[in-house]
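Me: I would like to go through the labels attached to this structure and ask, for each one, what it rests on. Please set the value against the cut-off every time.

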Amino acid sequence: MSKSVYINGSLVPAAEATVSVFDHGLLYGDGVFEGIRVYDGNVFLLQDHVNRLYESAQAIRLSIPITNDQMVAAVNDTVTANQISDGYVRLVVTRGAGTLGLDIRKTSDPVVIIIADTITLYPPEIYENGMPLVTASTIRNHPGALNPRIKSLNYLNNILAKIEGTDAGCVEALMLNHKGEVAECTGDNVFIIKNGLIRTPPTDAGILEGITRNTVIGLAREAGHDVRETALVRHDIYTSDECFLTGTAAEVIAVVSLDGRQIGSGVPGPITQDLRDRFQLLTRGD
Ligand code: PXG
């Protein structure tokens, strides 16, 4: 079956879904996006992702040309048209084509793109054994420069940190904020557990407010855990009993070392495993 992509109101064959070389999304990273999972034909937490997309757009003064409800319907239609039962949706809104200059008034209408595809996950061994992590020297964007709460098309900050992780043989990298505190990873949020208390950096640490993060906070509280959003430094991770990451692609994944320091017993911990099981139950019902 050939793939079809939604672009500006219609579903077209993938090869015909094109944008202008003058699109400010390409020229300047001027746009916003979302990555969403499809489990068993259901687009997981679609409304939350669409809401975050509109908030990101609002923050960069990008007016999305369709309503929130139309966006939800368009995502579902694209998933159905591509017969995706387990996969991934990429929602992109660019500023649109314009002149060679930064002025947003000189751009035409924004372009809305929805791609439904398969997803590449971390290798299963990393889920079984846990993930080693390194701290990148690239710090997370200063919130006063480009707020990490905006899921913008400009991901160079994350890409530079990811390169450092890859160079060190890691699939993720930890990013600190401008104050030297723990922010997040390049595409995942961070949690630690110490003496049963679960902690994760607050949104004002300069992070994306992850939808998986918020879901896992809810699941952990339901399970009777105390979860606090507090500033963390690397020492807190080095000395934690358990550490894990959350994200749309990763779901819940254990971290077993940071910068060569073993975390806890060096294997995925029991609370992490329980939260992973609860998350899987929520998404897949098994
Ligand atoms: N931090 C950052 C910087 C992210 O980009 C997360 C945390 C986790 O957020 P969610 O809402 O997913 O729990 C992200 C998410 C991709 C891709 O293809 C990236 C993300 C999600 C899905 C796909 O690069 N980033």
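Me: Why is D103 called partly exposed?
Reply: The relative accessible area of D103 is 22%, and since buried means under 20%, exposed over 50% and partly exposed in between (1.4 Å probe, protein chains only), D103 counts as partly exposed. This is a predicted model, in which local features need pLDDT of at least 70 and side-chain atom pairs count only at pLDDT 80 or more, while totals for chains, interfaces and linings use all residues. Residues are numbered from 1 along each chain as its sequence is written, and side-chain values use heavy atoms, with hydrogens and water left out.

Me: What makes R105 and D103 a salt bridge?
Reply: A salt bridge requires a side-chain nitrogen of Lys or Arg within 4 Å of a carboxyl oxygen of Asp or Glu, and the closest N and O atoms of R105 and D103 are 2.8 Å apart. R105 itself has 73% relative accessibility and therefore counts as exposed.

Me: How do you know that R140 and E184 tie together separate parts of the chain?
Reply: Their side chains meet in a salt bridge at 2.6 Å, N to O. R140 lies in the loop between β7 (131–135) and α5 (156–167), whereas E184 belongs to strand β9 (residues 182–185), so the pair joins parts that are 44 residues apart in sequence. Helices (H or I, at least four residues) and strands (E, at least two) are DSSP runs, numbered from the N terminus. Both R140 and E184 are buried.

Me: What makes D30 and R95 a link of this kind?
Reply: The side chains of D30 and R95 form a salt bridge of 2.9 Å, N to O. D30 sits in the loop between α1 (24–28) and β3 (31–39) and R95 in the loop between β5 and β6, so parts 65 residues apart in sequence are tied together. D30 and R95 are both buried.

Me: Why are α6 and α8 called roughly perpendicular?
Reply: The axes of α6 (residues 211–222) and α8 (residues 270–284) come within 10 Å and cross at roughly 110°. Angles under 35 degrees count as roughly parallel, over 145 as roughly antiparallel, 65 to 115 as roughly perpendicular and the rest as oblique, and α6 and α8 are therefore roughly perpendicular. Axes are lines fitted to C-alpha atoms, for helices over the stretch in contact, with angles running from 0 to 180 degrees between N-to-C directions.
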